Structure formats: structure tokens, C-alpha cells
Amino acid sequence: MSVFVSDFKPGDGTWTVTHDDAFGGSHEGSIAPTSVSFTAKVDGGNDYRAMVITCPVCGAVSTHPMGGGAQPFRVQEMFIRQLIRLGCPCGQMPAGRTPLLAIAHARQHVNALEFVGRWQLASMVP
Ligand SMILES: [Zn+2]
Ligand SMILES: [Zn+2]
């Protein structure tokens, strides 16, 4: 299906990434959270609507929408963790907010971008 974070807490500050439609079969590796980034806007800056993640094993790249596509919980958690670390590129939420504030902020975006009810993540253990 894609390259996605399958475990946010291996215990050493890294994330475990699974690439489940890799050529030859699924594989996984670990990344630093800093290597996941928002997509770039054509006119400069970052776009809050999507994030890009690169497979540490083969270099394949997946782009995930904030709404989460087929894996809402995993992708939405990735967005929340990055929103807390980086702030939101929309400029309305600074870095360092609590998970609940970040979730409320992201839910507003997804309600507008997709539909009410699309956002599923209600809480998160930091
Ligand atoms: Zn791969
Ligand atoms: Zn925002």
C-alpha cells in the first residue's frame, strides 16, 4: 500500500517504518522523525495538507494526506507528532502545543479538506 510509520516508540527516539508493497515483499527499517517532512508548496514554504515519508531501505517515497487515506490512525498520529514538533505550516499553531490542542487543530483542517468525521484520532500518548 505504501511507506508508513508502523511504530512510533521503539524506545530509542526513532520510528519504525513499514513498506508493505515493496518489490519482492514487505520490509521495514527505522528513521529519525526529523526525516518526515511536509510537502513543499510551489511558491515556497510547506504545505500542511500532506507529508512525505521515505523508505529507509529502498528509498521509495509515499505522500500521505492529513486525513490519513486508508490508514487514518497511523497517518493522523504522524501528523500530530510533527505538528507538535514543528508547528503547523498554516501559521496558526506554533510548535510545542499539547496533543489535544494539536488534534483539535488538525481536525479543523481535515473537516475543511475532506469531511466532518474523517478525523478519527481522539487522543494520543506522547
Ligand atoms: Zn522500501
Ligand atoms: Zn494548521
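Two strands count as paired if DSSP finds at least two bridges between them. The elements themselves are DSSP runs numbered from the N terminus, with helices (H or I) of at least four residues and strands (E) of at least two. This is a predicted model, in which local features need pLDDT of at least 70 and side-chain atom pairs count only at pLDDT 80 or more, while totals for chains, interfaces and linings use all residues. Residues are numbered from 1 along each chain as its sequence is written, and chains are lettered from A and ligands numbered from 1 in the order in which they are written.

**Stop one: the sheet**

Select residues 46–54, which are strand E5. E5 pairs with E4 in the antiparallel sense over four bridges; look for threonine 39 standing opposite aspartate 47 in E5. Now bring in the rest: the open sheet has three strands, ordered E4-E5-E6, with antiparallel pairing. Strands E4 (37–40) and E6 (61–65) are the edges, each pairing on one side only.

**Stop two: the helix pair**

Next, pick helix H1 (72–86) and helix H2 (99–113). How do their axes cross? They come within 9 Å and cross at roughly 115° (axes are lines fitted to C-alpha atoms, for helices over the stretch in contact, and angles run from 0 to 180 degrees between N-to-C directions). To see the contact, show Gln76, Phe79, Ile80, Leu83 and Ile84 in H1, then Pro99, Ala102, Ile103, His105 and Ala106 in H2. Contact here puts two C-beta atoms, placed from the backbone, within 7 Å. Zoom in on alanine 102: leaving out residues up to four places away in sequence, its contacts are Ile80, Leu83, Ile84, Met93 and Arg97.

**Stop three: cysteine 88**

Slide along to the loop between H1 and H2, where cysteine 88 is found. Buried or exposed? Cysteine 88 counts as buried because it has 22 C-beta neighbours inside 10 Å. The scale calls a residue buried if 20 or more other C-beta atoms lie within 10 Å of its own, exposed if 12 or fewer, and partly exposed in between, with C-beta atoms placed from the backbone. Beyond its neighbours within four places in sequence, cysteine 88 is in contact with Tyr48, Leu83, Met93 and His105. Finish by drawing a distance from cysteine 88 to leucine 100: the two are twelve residues apart along the chain, and their C-alpha atoms are separated by 14 Å.
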